[in-house]
Amino acid sequence: MTLTDEDCLPETLAFNEQFEAAAASRPARGKVPSAAALAPLRRNRLGGDTPPVRLPQGQDRIVEGGVKVRVFIPDHVDGVYLHIHGGGWAFGSADGQDERLWRLAERTRLAVASVDYRLAPEHPFPAGPDDCEAAARWLVKHAPAEFGTERLLIGGESAGAHLSVVTLLRLRDRHGITGAFRAAHLLFGPYDLSMTPSQRTFGPRRLLSNTDSLRGSYDMFTPGMGDEQRRDPEVSPLFADLAELPPARIVVGTEDPLLDDSLFLAARWQAAGAPVQLGVVAGAMHGFTLFSLTITEREQRRQRDFLASAGQ
């Protein structure tokens, strides 16, 4: 484990404190939220209270299976990054971070295809994974014709990191596809929906995610399931056979209830035979890349460096 950004710890912890203080005046996210509570989360950008900016560089496409993807194509394409957004499987969208994805595309020379998968609770498991699987299969079949390259990468944030691993496992187990995606970039994902120790013990701290909000997300995504059912490898990839998966970069903060998920997944991924870069950001809370922080600038640079060179 590599602990990064300890020199930024005062700034990072001060931000966490400010976030908690501001969150104290907002309703707690715990039980399954109502449609009225979900509406602003779906309308506004993740981590903020204003709608996202849609850039003209984004192209909305519908691929096989009727799945929507939002595509960004830079002037020169060296590969394709299949991006899966976060939002607890219940909010977030493919057009919710156009500025970041376009900047990523330009600086890494990667076309970016972001999946607009169906959201819970209206569309619980397995709808979201089904859509991500369909988008991945479309890329495997059509990337050379569509983008002029066979070099595919996959990744996402939070629920999107979970769906990225689930997608790789489905490609392998359902279609015999291994090696098509040459690397995975996984930011602060939940990989055990029956809850790792760090999830259970984090408690009610009013950061972006805590024990209660995670339980609420799992209840929306996998309604009616108990812990044992949520340990099914198709639901919780931490319990899956991780053989034949590509090299990965796995990142999490020390103040994230999902800390154990990344630590455990990295250990199992490496034990299964694939190289892993594990980054643990000192003091960072869940979703820290959504905010203007020094650690965010550094992490985005590290992500770009990894994606630009992975699978070459």
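Which strands does helix α5 (residues 159-175) lie across? I looked this up before anything else. Helix α5 lies across β4, β6 and β7 (181-187), and runs at about 145° to β6.

**Entry: ground rules.** I note that this is a predicted model, in which local features need pLDDT of at least 70, side-chain atom pairs count only at pLDDT 80 or more, and totals for chains, interfaces and linings use all residues. Residues are numbered from 1 along each chain as its sequence is written, and side-chain values use heavy atoms, with hydrogens and water left out.

**Entry: the chain as a whole.** I found ten helices and nine strands in the chain; helices (H or I, at least four residues) and strands (E, at least two) are DSSP runs, numbered from the N terminus. The radius of gyration is 18 Å, close to the 20 Å that the globule rule gives for 312 residues, so the chain is as compact as a globular protein of that length. That radius is taken over C-alpha atoms, and the rule is 2.2 Å times the number of residues to the power 0.38. The C-alpha trace spans about 50 × 40 × 40 Å along its principal axes. I read that 55% of the 312 residues are buried, where buried means under 20% relative accessible area, exposed over 50%, and partly exposed in between (1.4 Å probe, protein chains only).

**Entry: the sheet.** I traced an open sheet of nine strands with mixed pairing, in the order β1-β9-β8-β7-β6-β4-β5-β3-β2. Two strands pair if DSSP finds at least two bridges between them. At the edges are β1 (2-4) and β2 (59-62), each of which pairs on one side only. From one strand to the next the twist averages 25°. For angles, axes are lines fitted to C-alpha atoms, for helices over the stretch in contact, and the values run from 0 to 180 degrees between N-to-C directions.

I then looked at one pair of strands. Strand β4 (residues 79-84) and strand β5 (residues 110-115) pair in the parallel sense over six bridges, and Tyr81 stands opposite Val112 in β5. Helix α3 (residues 98-108) packs on the sheet, touching β3 (68-72), β4, β5 and β6 (152-157). The direction of α3 makes about 150° with that of β5. Contact here means heavy atoms within 4.5 Å.

**Entry: salt bridges.** How many salt bridges does a search of the whole structure find? I noted 25, a salt bridge being a side-chain nitrogen of Lys or Arg within 4 Å of a carboxyl oxygen of Asp or Glu.

The side chains of Arg109 and Asp78 form one of them (3.5 Å, N to O). Arg109 is in the loop between α3 and β5 and Asp78 in the loop between β3 and β4, so the pair ties together parts 31 residues apart in sequence. Arg109 is partly exposed at 39% relative accessibility, and Asp78 is partly exposed at 26%.

Asp131 and Arg118 form another, with the closest N and O atoms 3.0 Å apart. Asp131 is in helix α4 (residues 127-147) and Arg118 in the loop between β5 and α4, 13 residues apart. Is Asp131 buried or exposed? At 7% relative accessibility, Asp131 counts as buried, whereas Arg118 is partly exposed at 36%.

I end with a network of salt bridges that links Asp5, Asp7, Arg249, Arg298, Glu299 and Arg302.
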